[in-house]
Amino acid sequence: MGMALHAPCAPMKSSLRVGRSCSSSFSIGRPLLPSTRANLKRKAAYVAPVAAAAASTTTVTESNERFRLNNLSPQKGARRQEKRKGRGYGAGQGGTCGFGMRGQKARSGSGVRHGFEGGQTPLHRRLPKLRGIAGGMSAGLPKYITVNLSTLGAKFSDGDEVSLESLTQRRMLNLSGREAKLPLKVLGDGNLRLKLTIKAAKFSTSAKEKIQAAGGEAVEVPQKPTWTRALHRRKVAAAAAAAPKKAAPAAPAKKKTAKK
């Protein structure tokens, strides 16, 4: 049998036109069923207010709060819960419990320490060692106990005296260990409306200006100088120059021996 050849058909337009009027139909001339027309009207009446409400509520609010250590947090989805392996078939990890078929990490009681690279020189030993703060030396440790002006208004009143001892007594500072030997430094974060006499080892420029603008007084307490070899040599030389010079002792007389 011979195959019947058909002429190519023109593309059929099937775009659905839904307007305000009830005469919604296909462009090919076939009218919509009454139930379909009613469903389209119902959906159009529901979607329009929902879209308008979503557009009005999607407003970006910018927070003026500064980043602090107490308000930092990872983004949502950045940290996932660790998978609990080796908890039986009910955990859905199969017969190997999520450890795989073979290998050092699949054996019982095995495990490699952090940074182990199979015996070769690990990365933390291949990298050059840095000096100062980057190398974790004492240059990176804090040298002052810092207090901001914004925290002084809650515990002090007008005319009070602020010092390291008064801050400790009012439980604004809880110092122990190495921090107990550090001096006080006042920083200028926040506003100060009280007239206070603040005694500290050091003030920032903004803190001193705000204290003086409020009518208070910033008193710098002298600190014991840090011991250095050069300072020690200068002190020894100054002490030697100030000491009275002692008279040289007389030379002992020589004994005369009798000739035979």
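Which residues of E3 lie on the covered face, and which on the uncovered one? Leu184 and Val186 make up the covered face of E3, while Lys185 and Leu187 make up the uncovered one. The views below show a predicted model, in which local features need pLDDT of at least 70, side-chain atom pairs count only at pLDDT 80 or more, and totals for chains, interfaces and linings use all residues. Residues are numbered from 1 along each chain as its sequence is written, and side-chain values use heavy atoms, with hydrogens and water left out.

**View 1. The whole protein.** Five helices and six strands are found in the protein. Helices (H or I, at least four residues) and strands (E, at least two) are DSSP runs, numbered from the N terminus. Their order from that end is α-α-β-β-α-β-β-β-α-β-α. Of the 260 residues, 13% count as buried, meaning under 20% relative accessible area; exposed is over 50%, and partly exposed lies in between (1.4 Å probe, protein chains only).

**View 2. An open sheet of three strands.** The order is E1-E3-E5, with parallel pairing. Strand E1 (145–148) and strand E5 (202–203) are the edges; each has a single partner strand, so one side of each lacks a neighbour in the sheet. Two strands pair if DSSP finds at least two bridges between them.

**View 3. Bridges along E3.** Four bridges join E1 to E3. Two join E3 (residues 184–187) to E5. Asn148 stands opposite Leu187 in E3. Val186 faces Phe203 in E5 as its opposite residue. Lys185 has Lys202 of E5 as its bridge partner.

**View 4. Lysines over rings.** The charged end of Lys185 also sits over the ring of Tyr144, 5.7 Å from its centre. Lys85 places its charged end over the ring of Phe99, 5.4 Å from the centre. The criterion is NZ of Lys or CZ of Arg within 6 Å of the ring centre and within 35 degrees of the ring normal.

**View 5. A nonpolar surface patch.** Phe67, Leu69 and Leu72 form this patch, with about 440 Å² of accessible area together. Areas come from the Shrake-Rupley method with a 1.4 Å probe; for residues, only the protein chains shown count as cover. Patch residues have over 30% relative accessible area and no salt bridge; nonpolar side chains (Val, Leu, Ile, Met, Phe, Trp, Tyr) are joined within 5 Å, like charges within 9 Å. A salt bridge is a side-chain nitrogen of Lys or Arg within 4 Å of a carboxyl oxygen of Asp or Glu. Leu69 lies in the loop between helix H1 (34–57) and helix H2 (123–126). Leu69 is exposed, at 81% relative accessible area.
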